[in-house]
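Today I want to see what sits around the ligand, then follow one residue.

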Amino acid sequence: MIGVGSMGGAILAGLRGPGVRIEHPITVTTRSAASAAALAGDERVVALAAEDDPEANRRAVRGAGLVILAVKPWLIAEVTRGIADAVEPGAVVVSVAAGVPSTAIEAELPPGVAVVRAMPNTPSHIGRGVTGIAGGASASAEQVALVQRLFETVGAAIVVREDQINAVAAVSGSGPAYLFLYAEHMIAAAERLGFDAEQARLLVQQTVVGSAELWAAGGEDPAELRRRVTSPKGTTEQAVAVLQEADWGALFDRALAANIRRSEELERGE
Ligand SMILES: NC(=O)C1=CN([C@@H]2O[C@H](COP(=O)(O)OP(=O)(O)OC[C@H]3O[C@@H](n4cnc5c(N)ncnc54)[C@H](OP(=O)(O)O)[C@@H]3O)[C@@H](O)[C@H]2O)C=CC1
Ligand SMILES: O=C(O)[C@@H]1CCC=N1
């Protein structure tokens with residue numbers, strides 16, 4: 001794995017979780033020695049820093065059947081170019097970067113190396129991620145299925161067309177940020193109602209986690225779960241009516257469109 005920051009680190013943590021059976025060690029690289037040092041002490045991981053060893057990325061990919069690129073989008077081309085002659089023929093290179101088409105990665109690699117895009121999210125850290133996967137023209141259905149199995153070790157994974165990856169990023173890749181934004185605002189509102197910081201955090205965290213687990217446990221439609229909270233002529237419907245004044249349909253359409261627009265800008269190198 002090249003790059004082990006927020007997203008790479010979440011995948012790595014998920015892969016080290018209980019019950020995940022994969023071949024070890026996983027060789028990972030970071031830019032800084034400090035980030036690599038933070039990963040020391042686990043015999044299942046070999047961490048190398050590009051800052052210490054300009055050959056680190058090339059060393060990491062030698063002999064690897066699967067390579068995950070998890071650096072920032074604007075570093076993908078440079079990093080791929082740097083490893084191109086060290087990647088094994090027949091290897092699968094997976095990029096989790098937003099806004100970098102498979103063709104741009106394929107252009108840096110020798111023929112015979114497959115490129116697959118994956119758009120995961122940070123709950124992968126605890127094995128509860130969701131990932132959209134799309135093969136480039138260089139990838140076979142078996143190679144896409146292999147990458148799907150990899151990401152299923154850290155959550156759920158679906159295969160999509162590459163032209164849907166930006167939408168996956170907008171919905172689930174970035175999705176945890178929208179939930180945490182909600183939590184931040186609810187905690188602040190609870191504090192304004194007079195709860196101390198600890199109480200406000202507990203009330204909101206348990207509400208979010210409990211509601212998510214209730215949904216996951218029963219699988220009912222969220223509209224039905226909302227109905228069960230909303231007593232006719234009760235209190236919830238008053239708050240929901242106020243919230244609905246903000247026209248969440250249009251608001252979410254605008255937010256997701258802005259997200260997709262940014263992926264498209266990244267595709268154009270902006
Ligand atoms: N964050 C998220 O929720 C999601 C992110 N993504 C995608 O994941 C990718 C990474 O994002 P994110 O994890 O947030 O970014 P971070 O900045 O948190 O992590 C980037 C990682 O890349 C390392 N790095 C930088 N340059 C090099 C190099 N030359 N060689 C090896 N490693 C290097 C950094 O090392 P160091 O720490 O030493 O600087 C760090 O480990 C992006 O392309 C993004 O689009 C996709 C889905 C969700
Ligand atoms: O914000 C970003 O660009 C990345 C891609 C999806 C989630 N985080």
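First, my ground rule: I call a residue near a molecule if its C-beta atom, placed from the backbone, lies within 6 Å of it. This is a predicted model, so I keep in mind that local features need pLDDT of at least 70, side-chain atom pairs count only at pLDDT 80 or more, and totals for chains, interfaces and linings use all residues. Residues are numbered from 1 along each chain as its sequence is written, while chains are lettered from A and ligands numbered from 1 in the order in which they are written.

**Ligand 1.** I looked up its surroundings and got 28 residues, with Gly3, Gly5, Ser32, Ser35 and Ala97 the closest. Helices (H or I, at least four residues) and strands (E, at least two) are DSSP runs, numbered from the N terminus. Helix H1 (6–15) and strand S1 (26–30) each put at least two residues into the shell. H1 gives the largest share, 3 residues.

**Ile11.** This one lies in helix H1. Is isoleucine 11 buried or exposed? It's buried, because 29 other C-beta atoms lie within 10 Å; the cut-offs are 20 or more for buried, 12 or fewer for exposed, and partly exposed in between, with C-beta atoms placed from the backbone. Leaving out residues up to four places away in sequence, I find isoleucine 11 touching Ile68, Pro120, Ser124 and Val154 (contact means C-beta atoms, placed from the backbone, within 7 Å). I also checked valine 171: C-alpha to C-alpha, isoleucine 11 is 19 Å from it in space and 160 residues from it in sequence.

Key. Two residues are in contact if their C-beta atoms, placed from the backbone, lie within 7 Å.
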